[in-house]
Structure formats: C-alpha cells, structure tokens
Amino acid sequence: MLRAMLEQRKAALLEQMADDAVTAGPNTPSFSEIEASPADNASARTLNELVNEAVEHRALQLRILKHALGKFDDGSYGVCESCGGDIGWSRLNARPEARLCIACQTRMEKARR
C-alpha cells in the first residue's frame, strides 16, 4: 500500500515534469527576454524565479521519492535513518517518504530553530 502510494506520487510528479518541459519547449523565450518597462521586467524576474523554484522543488521531491522506493528494495523502509528505530505506521501512512521517526524529526526541527 505505501509503496503503491510512493509509486503513484512518483508517476504523477514525472508526468507533471514532462508536461512542464513540453509547455516550456526549447523555443519558448524566458520571461526576461521580453522587452518591457522596468516594472514589467521586475515582474518577469520574479516569475522566472518562481518557475525555477518550482522546478527545483519538483526535482527534490523526485529524489526523495526515489530514495524512499530504494529503501523498499534494500529492506530498510520504515527504519529511522537517525536512530535505527521503527518509523510508526501512522507517520508512514501520512508521509510515506519519511526518513526519520517522529522523535528524531522533532529533535531535528528543534535544532534548526
């Protein structure tokens, strides 16, 4: 069930990335190539940044999904990468790509603050 969820998310993400590539196409000018007023240029730069962030986010999500699927293959799925304990079912059900148990995830988030 969880593996199927991950596979489904991966397929949807790959489809979305393919759609993005087709929509952009090699001949599509970037927003910065359009001559316009300074305000329009600033808006174009912001839009380009948002598009680039979305592409980077999708690539990161794909790496995360592939990592989780790889853990199924090597038998380590559901094992916390920090403490080696089990990642709870409810956490995996909510976030099948989870790499850490809830205790280690909480500890990591507190350390970031």
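**Exercise 1: the setting of L6**

L6 lies in helix 1 (residues 2-24), where helices are DSSP runs of H or I with at least four residues, strands are runs of E with at least two, and both are numbered from the N terminus. This is a predicted model, in which local features need pLDDT of at least 70 and side-chain atom pairs count only at pLDDT 80 or more, while totals for chains, interfaces and linings use all residues. Residues are numbered from 1 along each chain as its sequence is written, and side-chain values use heavy atoms, with hydrogens and water left out.

Task: determine whether L6 is buried or exposed, and which residues L6 touches beyond four places away in sequence.

Solution. Begin with accessibility: L6 has a relative accessible area of 0% and is therefore buried (buried is under 20%, exposed over 50%, partly exposed in between, with a 1.4 Å probe and protein chains only). Next, list the contacts (heavy atoms within 4.5 Å): leaving out residues up to four places away in sequence, L6 touches L65, A68, L69, F72, Y77, P96 and E97. Finally, take a distance along this part of the chain: the C-alpha atoms of L6 and R95 are separated by 9.5 Å, although the two residues are 89 apart in sequence.

**Exercise 2: the aromatic pair**

Task: find how many aromatic pairs the whole structure holds, and classify the geometry of the rings of F72 and Y77.

Solution. The search of the whole structure gives one aromatic pair, where rings of Phe, Tyr and Trp (its six-membered ring) pair if their centres lie within 6.5 Å, and planes under 30 degrees apart count as stacked, over 60 as edge-to-face and the rest as tilted. The ring centres of F72 and Y77 are 3.9 Å apart and their planes meet at 15°, so this pair is stacked. As for accessibility, F72 is partly exposed because its relative value is 25%, whereas Y77, at 16%, is buried.

**Exercise 3: the chain as a whole**

Task: state which elements the chain has, and what share of its residues counts as buried.

Solution. Counting the elements gives four helices and zero strands, in the order α-α-α-α from the N terminus on. Of the 113 residues of the chain, 21% count as buried. Turning to contacts with a separation of 6 or more, residues 24 or more positions apart account for 51% of them.
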